[in-house]
Amino acid sequence: MTNRTIWLRHETKPFEQRSALTPQAALELKELGHEVIIERSPSRIFKDEEFEALGLKMMPTNSWINFAPANAFILGLKELDIHEFPLSHRHIHFAHVYKNQTGSKEMLDRFIQGDGKLYDLEYLTDSNGKRIAAFGKWAGFVGAALGLKNWICQQRGADFNECAPLSSYSSQHDLVNELCKEFDELGSRPRVLVIGNRGRCGRGAKELLEAVGVEMTGWGRADTKVARPIKQILDYDILVNCTLNKTPAEPFLDLDILKNERNLSVISDVSCDPTGPCNPLPIYPDITTIDKPTFKVEELDQLLEVTAIDHLPSLLPRESTEEYVEQLLPYLINLLNGDIEDSPWEKALEIFYQKTIELGLEKKLVEEPQLLM
């Protein structure tokens, strides 16, 4: 077996506390003979000291750019920051660059110019096309919770954005207990529609809604195979969208249908793909954030607010990380051991090559990038 290097980078996305490795998982990789390097991170849910206590090698924040060995796997969760220097390493993270998202061609071009490679975590799938590891349950769980909290603010005549920045919860039980207390004080509960209720996200949303005693209607694919936009959605107080959309289609809702009389005042778009061509809710321009969680649709006379945060599980960072890493770790071991033939890693790399070819990206001569720290 060839020993390899895996480098856990600091997450630069604001408010992101999750990690692609837990301390124990990192130790397991080290004990298999691989070099495991941990970047220091002031925001990661697992403190630097937890890694250091296990004898893991530590490096300064963002030092992978200048100091990671050329053959290292650079492991993270969320997308890289926007820069211009070519990417020369093998990167593992959720890149959000394969659906024509804003800036996707420029990001992929950086890989081409640097002879780097991308193993997109979203496209690590088994023989049935199912993701080998996913945060979906926790995205649905938190997405449903934020939809409820937004609705509660509306009933109180308050602005959900005034609660920002949102804080993470130490456990799901703290989040559930907080919502139950707020509903008891309010004395009423909304009617909620979850589209995509059978997937990971949908099941997470259902778990949260049941835990706080909120009535839920679940729709699957058959329920949305009707004339669109779908007017029946307007009967519900809250829509939680948990669908996975891979091809463009007519939207669930548009601005015209939302001008009708409706109960709907909150949308929690867990799927969150506003700049992609497959967005089923083209009524808001961009993602919302931890420090501004909701967007008011100004074109409408009647209130409608959309929450569309693309890293919802970061609000339950420890639980979501532990579950995700438990799913991913066996495949990381296979990758580092060189066992990738006919594996999810090989498929993910094929998709990377396919997407860069589709975009017509070619390597061109560039000057040496300026080293960044």
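## The end of helix 10

Helix 10 is followed by Gly360, whose phi is positive, near 70 degrees; helices here (H or I, at least four residues) and strands (E, at least two) are DSSP runs, numbered from the N terminus. This is a predicted model, in which local features need pLDDT of at least 70 and side-chain atom pairs count only at pLDDT 80 or more, while totals for chains, interfaces and linings use all residues. Residues are numbered from 1 along each chain as its sequence is written, and side-chain values use heavy atoms, with hydrogens and water left out.

Helix 10 takes in residues 344-358, 15 residues in total, and reaches 21 Å from its first C-alpha to its last, close to the 21 Å expected at 1.5 Å a residue; the expected span is 1.5 Å times one less than the number of residues. Its buried residues are Pro344, Trp345, Ala348, Leu349, Phe352, Lys355 and Thr356, where buried means under 20% relative accessible area, exposed over 50%, and partly exposed in between (1.4 Å probe, protein chains only). An α-helix has 3.6 residues a turn, so residues three or four places apart point the same way.

On the other side of helix 10, Ile357 and Glu358 are exposed. The cover over the buried residues of helix 10 includes strand 5 (90-93), helix 4 (104-114), strand 6 (117-120) and helix 9 (317-336), with contact meaning heavy atoms within 4.5 Å.

## Helix 4

Helix 4 is largely enclosed by the rest of the structure, because 9 of its 11 residues are buried. Those buried residues are Ser104, Met107, Leu108, Asp109, Arg110, Phe111, Ile112, Gln113 and Gly114, and what covers them includes strand 5, strand 6 and helix 10. Helix 4 is followed by Asp115, whose phi is positive, near 60 degrees.

## Aromatic pairs and charges over rings

The structure holds 10 aromatic pairs; rings of Phe, Tyr and Trp (its six-membered ring) pair if their centres lie within 6.5 Å, and planes under 30 degrees apart count as stacked, over 60 as edge-to-face and the rest as tilted. In one of these pairs, the rings of Phe111 and Phe352 have their centres 5.7 Å apart and their planes at 70 degrees, so the pair is edge-to-face. This pair links distant parts of the chain, since Phe111 lies in helix 4 and Phe352 in helix 10, 241 residues apart. Phe111 is buried, with a relative accessible area of 1%, and Phe352 counts as buried at 1% relative accessibility.

The rings of Tyr119 and Trp345 have their centres 5.7 Å apart and their planes at 75 degrees, so this pair is edge-to-face. Tyr119 belongs to strand 6 and Trp345 to helix 10, 226 residues apart, and ring pairs link Phe73, Tyr119 and Trp345 into a cluster. Arg90 lies over the face of Phe73, at 3.9 Å from the ring centre, and Arg110 lies over the face of Phe85, at 4.7 Å from the ring centre; a charge sits over a ring if NZ of Lys or CZ of Arg is within 6 Å of the ring centre and within 35 degrees of the ring normal.

## Strand 9

In strand 9 (residues 238-241), Ile238 and Val240 point one way and Leu239 and Asn241 the other way, and all are buried. Strand 7 (residues 192-195) runs parallel to strand 9 and is joined to strand 9 by 4 bridges, two strands being paired if DSSP finds at least two bridges between them. Leu239 is the bridge partner of Leu193.
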